[in-house]
Amino acid sequence: MTSSRIIHRSLRAPPPPMASGGEGAWLVTADRRRVLDASGGAAVSCLGHGHPRVVEAIRRQAAALAYAHTGFFTSAPPEELAEALVGHEPGGLAYAFFVAGGSEAMEAALKLARQSFLEIDQPQRCRFIARRQSYHGNTLGALGFGRQRGAAGAVCAAAGGCVQPRHPGLCLSRAARRRD
Ligand SMILES: Cc1ncc(COP(=O)(O)O)c(C=O)c1O
């Protein structure tokens, strides 16, 4: 494939190879090469390709119920998953909030943290601590939170307001932040 209508990582370079199938930990390209997906995509996908139990679970759920808006309904699969994840309240975590991916999870965490301080009348607590150049997702808030260098940093400056420690676990003082 020499051109594409998709915005890939670069509009100048040719599109990446076409993945046309998968089998366990292997990706299969359109020209029949087998590529070991050793890191599970971006290190976050762990179900492999075409496992019969996963395929059957997806088929069964799609046949039963494709979608029910969470503003109006709950359904058995997320209720069961939440019970399995936090039913035993590990470390005091008692409730789950399901989203569609990592970026949305970060946005939800930022919003929940902010909302909880607003609700206990501490609106001044609005700074988030993140490691410089860390990656937390591709949404405006998640990108701004990690303060990327270059173009991404410029695009996301609007979402700033974060404290950036130089070392993990180290919270910067105001003076250190001014020097930054
Ligand atoms: C630490 C971390 N946070 C967030 C994300 C964003 O996840 P997603 O691509 O599902 O939005 C990633 C993705 O690689 C990640 O590694």
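Helices (H or I, at least four residues) and strands (E, at least two) are DSSP runs, numbered from the N terminus. The model is a predicted one, in which local features need pLDDT of at least 70 and side-chain atom pairs count only at pLDDT 80 or more, whereas totals for chains, interfaces and linings use all residues. Residue numbers start from 1 along each chain, following the sequence as written.

The protein chain contains seven helices and three strands, and these elements follow one another from the N terminus in the order β-β-β-α-α-α-α-α-α-α. Of its 180 residues, 5% count as buried, a residue being buried if 20 or more other C-beta atoms lie within 10 Å of its own, exposed if 12 or fewer, and partly exposed in between, with C-beta atoms placed from the backbone. Among the contacts with a separation of 6 or more, 31% are accounted for by residues 24 or more positions apart, where a contact requires C-beta atoms, placed from the backbone, within 7 Å.

Ser 39 is located in the loop between β3 (34–36) and α1 (40–43). Because 10 other C-beta atoms lie within 10 Å, Ser 39 is exposed. The C-alpha atom of Ser 39 is separated by 9.1 Å from that of Ala 25, which is 14 residues away along the chain.

Conventions: Contact = placed C-beta atoms within 7 Å.
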